[in-house]
Amino acid sequence: MITIKNILRSADIVGKTTEIKGWVRTKRGNKNITFIALNDGSTIHNIQVVIDNTKFDENLIKQISTGACIAVKGIMVESPGKEQLVEMHAENIVLYGNADPETYPLQKKGHSLEFLREIAHLRPRTNTFGAVLRIRHAIAFAIHKYFNDNGFYYLHTPIITGSDCEGAGEMFRVTTLDAKNPPLNGDGSVNFSEDFFGKETKLTVSGQLEGELGALALSRIYTFGPTFRAENSNTPRHLAEFWMIEPEMAFYEINDNMDLAEDFLKYLIRYALDNCMDDLGFLCKMYDEELIARLRFILENNFERITYTKAIEILKKSGVQFEFPVDWGIDLQTEHERYLVEKYFKRPVIVTDYPKDIKAFYMKQNDDGRTVRGMDVLFPKIGEIIGGSQREEDYEKLKNRITELQLPEKDLWWYLETRKFGTAPHSGFGLGFERLILFVTGMSNIRDVIPFPRTPKNAEF
Ligand code: 4AD
Ligand code: MG
């Protein structure tokens, strides 16, 4: 079985008989001859199949319409057309499945991305989603390759958890209790001791806490898995289910963490440029003509590194009327992040040392008593692409912070124990996979870079 990608790659294919299987993209011709553009998803390119109508049953040819799935045997010949170098002259055709032109939703080209979201079961068959999904695969592969080549171990952290890593309380509950009639405690609250795990459990928002346990044994680990957030933000950059890559490294301090983040992102972008040019070229042509230049630009420039305090100064002096007013202590909004990246520095920016009140409990506390050693990597068009930090490794400081924030210590005893037994300086970060794919593909809505997006009120497919 040979894919269209491999046929188009083989130098000596002309004159050979082969078989291709795929879905009809377009059909044209006249009563004597039919031209089919066939695509099997292995590449953005189609193979043109030329059918001599007199050799085939009329009814068969009629049924080979856009969307139909066929297998064609034939001989590969040099193509007189300028669209392609080779084409197949059909000798035998099997129709696996027709697609009624009256009802097939992708009968015509040029549907809006919004419409395609409503047919997420079929949109992988479009050029755009084929390209996005192949790039998504290539980057996922490159992530594993990068870490493997650099001595990191892939740690599988749990999806079901009893603790809220980010402390934001935006978690989906996992339960087998009867929603209509749950067992109750004396005070009317739900009695989770009767639940499947004997306690209240949720879908994880991050693999970090367990990742730290791994790093404090294997030195360098990474996770790469789905994470879940029940935040009701209907934006082009938020999903309720998204994939996150979280490296965690013993003996790394914040500067090592920043170096890793920059090197990692550049590696992945370089990998896409080296391996996905067909698909990137298509997306560049169709959606975003600056895409490839923007990707190259990332490789050619150092990321700017500034503190949060400095960032606030720059934003205050900018003279821009932001929707969210700027003052020391605020959480940076996308408009602020994009100003720093796109207008001020004109390159990716890493902001460090955020106020402790807007960051999670685990971040290493600075000596000033009001900031923590967090870092966010900000990208053009995206805003925050990475969030991370050096971790608080001091048992007392961490325990006090947990108490101060009134976090449930009973759910975090195991996390605290790593600081009690052989604690070590360590750091890590989380890269939002879909945010990276957004950047690399130049798409503008995160719903269009994951096969089956989960967002508020949407989990159809
Ligand atoms: O900044 P966040 O919340 O950091 C953490 O979860 C840390 N525990 C990571 C760590 O240090 N190991 O999320 C990390 C990244 C963000 O920078 C963003 O790229 C992405 O995850 N992200 C989302 N992507 C899509 N939809 C959402 N709702 C996202 N929330 C965060
Ligand atoms: Mg963050």
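Author: Start with a term: two strands pair if DSSP finds at least two bridges between them. The model is predicted.

Reader: Which residue in E15 is the bridge partner of Val377?

Author: Strand E14 covers residues 371-379 and strand E15 covers residues 383-390. These two strands pair in the antiparallel sense over six bridges. In E15, the partner of Val377 is Ile386.

Reader: Which strands stand at the edges of the sheet?

Author: The sheet is open, has eight strands with mixed pairing, and runs in the order E6-E10-E11-E16-E15-E14-E13-E12. A strand with a single partner has one side left without a neighbour in the sheet, so the edges are E6 (153-154) and E12 (304-307).

Reader: What angle does the direction of H13 make with that of E16?

Author: H13 packs on the sheet and touches E10, E11, E14, E15 and E16. Its direction and that of E16 (426-432) make an angle of about 55°.

Reader: How are H4 and H13 oriented to each other?

Author: The axes of H4 (residues 127-149) and H13 (residues 433-441) come within 10 Å and cross at roughly 120°. The crossing is right-handed. Angles of 65 to 115 degrees count as roughly perpendicular and those over 145 as roughly antiparallel. H4 and H13 are therefore oblique.

Reader: How many residues in the contact of H4 with H13 are nonpolar?

Author: From H4, the contact includes Val132, Ile135 and Arg136. The contact as a whole has one polar residue and two charged ones, and the nonpolar residues number nine.

Conventions
Residues are numbered from 1 along each chain as its sequence is written. Chains are lettered from A and ligands numbered from 1 in the order in which they are written. This is a predicted model: local features need pLDDT of at least 70, side-chain atom pairs count only at pLDDT 80 or more; totals for chains, interfaces and linings use all residues. Side-chain values use heavy atoms; hydrogens and water are left out. Axes are lines fitted to C-alpha atoms, for helices over the stretch in contact, and angles run from 0 to 180 degrees between N-to-C directions. Helices (H or I, at least four residues) and strands (E, at least two) are DSSP runs, numbered from the N terminus. Angles under 35 degrees count as roughly parallel, over 145 as roughly antiparallel, 65 to 115 as roughly perpendicular and the rest as oblique. A crossing is left-handed if the near helix is turned anticlockwise from the far one by less than a right angle, and right-handed if clockwise. Contact means heavy atoms within 4.5 Å. Ala, Val, Leu, Ile, Met, Phe, Trp, Tyr, Cys and Pro count as nonpolar, Asp, Glu, Lys and Arg as charged, and the others, Gly among them, as polar.
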